[in-house]
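Please examine the structure below together with its sequence. The paragraphs that follow lead through selected parts of the fold.

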Amino acid sequence: MSERKSNYEITRDRVESEFLKYDQESMIQKFHLVNDRDYLYIRFAAQDYRVDRRTGRVERLTAGEAVHAGFNETMTIFDVLCESRPDCRLSGEFVRVNDLDGVAKTACLGGNLFDGSAKAFAHRTEELKAACRRLGGIAGSVGDVSYRIPLFDFFPVTLQFWDADDEFDAVLKIMWDRRTLDFMRYETTWYAAGHLLGRIRELMDGAG
């Protein structure tokens with residue numbers, strides 16, 4: 001008996017099937033994707049992925065194996081490849097997600113969705129720095145830890161972290177290029193950030 005799929009897996013599979021409706025040559029040219037007859041290749045959070053050009057299946061290439069990518073990975077990769085604007089470009093200015101160009105203030109998600117990661121990073125700043133470097137990050141000067149990290153080869157984000165002390169809890173921020181919505185939808189920033197933080201935690205725990 002086959003294992004029942006979760007709603008996340010069902011959504012991922014549906015999105016993969018819809019990939020075939022889009023112009024792959026446009027994606028290749030826009031993002032300078034390595035490609036062959038069978039696959040498009042893209043790097044996301046310092047891992048290599050391939051997209052099957054005939055089925056839309058997204059696979060993460062790890063230690064010589066091709067593993068079916070998860071929901072956050074697939075949704076982020078496809079949103080960028082399929083839904084980004086034809087003239088998407090970066091501003092070079094990093095802001096909070098709710099300050100992105102085009103975000104309606106009344107539609108913003110509330111609360112700090114990164115509290116769990118902030119607590120996991122508390123009192124582990126050297127390990128956090130090492131993980132960010134392994135992701136290709138370039139050190140900055142804000143907070144106790146600050147790195148500009150290539151989410152994609154063509155799209156960086158900035159991680160900022162202030163460690164906990166006797167008076168204050170740890171604080172974690174992900175800062176986005178002001179023109180992020182040229183590349184992905186607002187909701188997708190949460191999928192992307194969730195995957196990135198998961199990657200960092202893997203690296204810090206020696207599982208990446």
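In which loop is Thr 180 found? Thr 180 is found in the loop between β10 (171-177) and α6; helices (H or I, at least four residues) and strands (E, at least two) are DSSP runs, numbered from the N terminus. The model is a predicted one, in which local features need pLDDT of at least 70 and side-chain atom pairs count only at pLDDT 80 or more, while totals for chains, interfaces and linings use all residues. Residues are numbered from 1 along each chain as its sequence is written, and side-chain values use heavy atoms, with hydrogens and water left out.

Thr 180 counts as buried because its relative accessibility is 0%; buried means under 20% relative accessible area, exposed over 50%, and partly exposed in between (1.4 Å probe, protein chains only). Leaving aside neighbours within four places in sequence, Thr 180 is in contact with Leu 100, Phe 155 and Thr 189, where contact means heavy atoms within 4.5 Å. Val 97 lies in the loop between β6 (94-95) and α4 (115-121), and it counts as buried because its relative accessibility is 11%. The C-alpha atoms of Val 97 and Gly 136, 39 residues apart along the chain, are separated by 22 Å.

The next topic is the nonpolar interior. In soluble globular proteins, nonpolar side chains tend to be buried together. A nonpolar core is here a set of buried Ala, Val, Leu, Ile, Met, Phe, Trp, Tyr and Cys residues joined through side-chain atoms within 4.5 Å. The largest such core has 61 residues, of which Ile 77, Leu 81, Leu 128, Leu 151, Leu 159, Trp 176 and Ile 200 touch the most other members. Helix α6 (residues 186-204) gives the most to this core, with nine residues. Apart from its neighbours within four places in sequence, Ile 77 is in contact with Ile 42, Phe 44, Tyr 49, Val 58 and Phe 152.

Helix α2 (residues 24-31) has Gln 24, Met 27, Ile 28 and Phe 31 as buried residues. Because they cover an arc of only 100° around the axis, they are on the same side of α2; the arc is that of the directions from the helix axis to the C-beta atoms. The buried residues of α2 pack against β1 (34-35), β2 (39-44) and α3 (71-83). At the start of this helix, a side-chain oxygen of Asp 23 reaches to within 3.1 Å of the backbone nitrogen of Glu 25. Just after α2, His 32 takes a positive phi of about 55°.

Most residues other than glycine have a negative phi. Ala 45 and Ala 46 are both in the loop between β2 and β3 (47-52). Although neither is a glycine, Ala 45 has a positive phi of about 50°, and Ala 46 has a positive phi of about 65°. Ala 45 counts as buried because its relative accessibility is 1%.

Notes
Polar contact = N/O pair within 3.5 Å; in protein donor to acceptor, adjacent residues only side chain to side chain.
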